[in-house]
Amino acid sequence: MVFSTVHQLEMPDNFPADAMVAFMAAAQSIVLTPIKSEAWKELGGASNLIGWRFRGCNDYMHQYLDSWKVHGANVSFEEIYLRERALFGMFTAGVSCIESTCYALNALASHPKLLGLPFGEPEQRRCNPTRLKETLSKHPQALVLVATLTALTSSTEWVLWVDLRNRMAHRSNLPRIINAAVGSAPPPAKALLFAATSSTPAFEADLSHLEVMFAWLASSLRNLLVDGAAFASRPEPSIEQPA
């Protein structure tokens with residue numbers, strides 16, 4: 001575990017604690033000088049959520065992993081419920097971690113020292129990675145951050161995270177596949193073996209795949225924080241004086 005001084009919490013080892021500190025320092029140099037701004041009210045809450053959701057995603061993932069390692073495939077309905085809850089929690093918290101990072105970036109960009117973007121209630125309600133990418137793409141000084149957002153939102157990993165979150169949040173649990181055999185032992189059960197739905201692909205993998213997905217989340221979060229800090233630290237554009 002690594003201690004996040006920003007959140008005062010123990011975090012998983014791959015939490016980008018150094019990038020989080022650098023981002024907050026750069027953001028605070030904008031939104032807290034000379035006094036706290038309206039942008040700070042939104043950025044402060046969202047930045048706190050980044051750590052809480054990252055930690056929650058990890059905790060839920062390990063609940064699922066530990067259940068399979070301890071109990072295997074043949075479990076009670078109670079244990080199935082706990083596994084479904086853990087899987088739902090992992091993907092909900094993971095998507096929320098990235099979305100809250102983008103919310104913090106949007107709040108930062110709304111400060112007059114940066115882009116002065118509108119960020120009232122309508123913009124806050126609609127804020128997500130894709131919309132932030134589209135908004136910032138109109139501003140040359142944000143192009144590096146836009147490239148990172150483009151890579152994120154177009155990645156197969158992000159699409160899967162969001163699809164699984166949406167399915168479990170609004171529509172149904174993922175349909176489990178149970179293998180059986182006649183006259184011989186069934187094949188070894190896989191920890192992730194779910195049929196396709198109208199909005200999600202078939203999801204088949206072993207336990208280590210969840211850890212790979214979580215590592216991708218950590219790397220994506222680091223990229224957003226690093227480029228967000230660079231965006232906040234950009235020099236003010238020079239104003240040419242008339243000859």
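How do α6 and α8 run relative to each other, roughly parallel or roughly antiparallel? A few notes on that and on the rest of the chain follow.

1. Ground rules. This is a predicted model, where local features need pLDDT of at least 70 and side-chain atom pairs count only at pLDDT 80 or more, while totals for chains, interfaces and linings use all residues. Residues are numbered from 1 along each chain as its sequence is written, and side-chain values use heavy atoms, with hydrogens and water left out.

2. The α6/α8 pair. To take the opening question: the axes of helix α6 (residues 143-154) and α8 cross at roughly 165 degrees and come within 9 Å. The two are therefore roughly antiparallel. On the cut-offs, angles under 35 degrees are roughly parallel, over 145 roughly antiparallel, 65 to 115 roughly perpendicular, and the rest oblique. The axes are lines fitted to C-alpha atoms, for helices over the stretch in contact, with angles from 0 to 180 degrees between N-to-C directions. The crossing of α6 past α8 is left-handed, meaning that the near helix is turned anticlockwise from the far one by less than a right angle (clockwise would be right-handed). Contact here means heavy atoms within 4.5 Å.

3. The chain as a whole. Helices (H or I, at least four residues) and strands (E, at least two) are DSSP runs, numbered from the N terminus. The C-alpha trace spans about 95 × 35 × 25 Å along its principal axes. Of the 243 residues, 46% are buried; buried is under 20% relative accessible area, exposed is over 50%, and partly exposed lies in between (1.4 Å probe, protein chains only). Taking contacts between residues at least 6 apart in sequence, 65% join residues at least 24 apart.

4. Helix α1. The end C-alpha atoms of α1 (residues 17-31) are 21 Å apart, which agrees with the 21 Å that its 15 residues should span at 1.5 Å a residue. The expected span is 1.5 Å times one less than the number of residues. Ala17, Ala19, Met20, Phe23, Met24, Ala26, Ala27, Ile30 and Val31 are its buried residues, and they pack against β1 (2-4), α2 (38-71), α3 (77-109) and α8 (207-232).

5. Helix α7. With 16 residues (156-171), α7 reaches 21 Å from first C-alpha to last, close to the expected 22 Å. Its buried residues include Trp158, Trp161, Arg165 and Arg167. What covers the buried residues of α7 includes α2, α3, α5 (129-136), α6, β4 and α8.

6. The axes of α2 and α3 come within 7 Å and cross at roughly 155 degrees. That makes α2 roughly antiparallel to α3, and their crossing is left-handed. Ser47 sits in α2 and counts as buried at 3% relative accessibility. Leaving out residues up to four places away in sequence, Ser47 touches His7, Met20, Met24 and Ala104. Over in α3 is Ser96, also counted as buried, at 17%. With the same exclusion of residues up to four places away, Ser96 touches Leu49 and Arg53.

7. Ser199. Look for this one in the loop between β3 (192-194) and β4 (203-205). Ser199 is partly exposed, at 23% relative accessible area. Beyond residues up to four places away in sequence, Ser199 touches Asp163, Arg167 and Arg171. Its side chain makes a polar contact with the side chain of Arg167 (3.1 Å) and one with that of Arg171 (3.1 Å). A polar contact is a pair of N or O atoms within 3.5 Å; within protein, one must be able to donate a hydrogen and the other to accept it, and residues adjacent in sequence count only if both atoms are side-chain atoms. Ser199 and Arg167 are 32 residues apart in sequence and 6.9 Å apart C-alpha to C-alpha.

8. Gln8. One backbone angle to check: Gln8 has a positive phi of about 55 degrees although it is not a glycine. Most residues other than glycine have a negative phi. Gln8 lies in the loop between β1 and β2 (9-11) and counts as exposed at 54% relative accessibility.
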